Amino acid sequence: LVGSEMCIRDREEVEMTVDSGAGETVIGEDSLQCVKTVDGEAKRRGVMYEVADGTRISNLGEKRFVAVTAEGHRRGIVAQVCDVTKPLLSVRRVVEKGGTVVFMKGGGYIEDAQGERIWMEEKQGMYIVRIWVKRDGAPF
């Protein structure tokens, strides 16, 4: 799904690209319309990000949400909001939280300290995790 998908009922589906080169988990402002963008520490500090072509983009705030994976695992995510075309899940941030990321032909997985795995699929050379996010305040 594209980030501009409307929130259907009380939840929204998002494909996050698992990115070993991303220093932060980021999402576009139009992604996750079910979750409000709030000012975060990075925005207050005036943090800028450099994208692959060298362009610098501003932090526009952050979105805090609980993601539910296809396996039914719930994970809290803080995504920095900036002008990106697709949501990126930072491997660096996953590893900082004690996770392990394994890339394999056709897919891979993210494993937490308790051994729970979230499976990735390879799509056009990129590794994708599909998540569902509830509307602010809606029960899952």
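## A polar contact of Tyr109

The side chains of Tyr109 and Arg117 make a polar contact at 3.3 Å; such a contact is a pair of N or O atoms within 3.5 Å, where within protein one must be able to donate a hydrogen and the other to accept it, and residues adjacent in sequence count only if both atoms are side-chain atoms. The model is predicted, so local features need pLDDT of at least 70 and side-chain atom pairs count only at pLDDT 80 or more, while totals for chains, interfaces and linings use all residues. Residues are numbered from 1 along each chain as its sequence is written, and side-chain values use heavy atoms, with hydrogens and water left out.

Tyr109 belongs to strand E9, residues 107-111; strands (E, at least two residues) and helices (H or I, at least four) are DSSP runs numbered from the N terminus. Tyr109 counts as buried because its relative accessibility is 13%; buried means under 20% relative accessible area, exposed over 50%, and partly exposed in between (1.4 Å probe, protein chains only).

Beyond neighbours within four places in sequence, Tyr109 is in contact with Thr100, Val101, Val102, Met104, Arg117, Ile118, Trp119 and Met120, contact meaning heavy atoms within 4.5 Å. Val129 is 20 residues from Tyr109 in sequence, and their C-alpha atoms are 8.8 Å apart in space.

## Nonpolar cores

A nonpolar core is a set of buried Ala, Val, Leu, Ile, Met, Phe, Trp, Tyr and Cys residues joined through side-chain atoms within 4.5 Å. The largest one has 23 residues, of which Val18, Phe65, Ile110 and Ile131 touch the most other members. Two or more residues come from each of strand E1 (11-19), strand E5 (61-69), strand E6 (74-81), helix H2 (91-96), E10 and E11. E11 gives the largest share, four residues.

Not counting residues up to four places away in sequence, Ile110 touches Val18, Leu89, Val94, Thr100, Val101, Glu116, Arg117, Ile118, Met120 and Val129. Another core lies apart from the largest one; this other core has nine residues, among them Ala22, Val47, Ile57 and Val84. In soluble globular proteins, nonpolar side chains tend to be buried together.

## Two residues with positive phi

Leu32 has phi near 50°, a positive value in a residue other than glycine. Leu32 is placed in the loop between strand E2 (26-27) and helix H1 (41-44), and it is buried, with a relative accessible area of 0%.

Gln124, also a residue other than glycine, has a positive phi near 50°. Its place is in the loop between strand E10 (117-123) and strand E11 (126-134). Gln124 counts as exposed because its relative accessibility is 81%.
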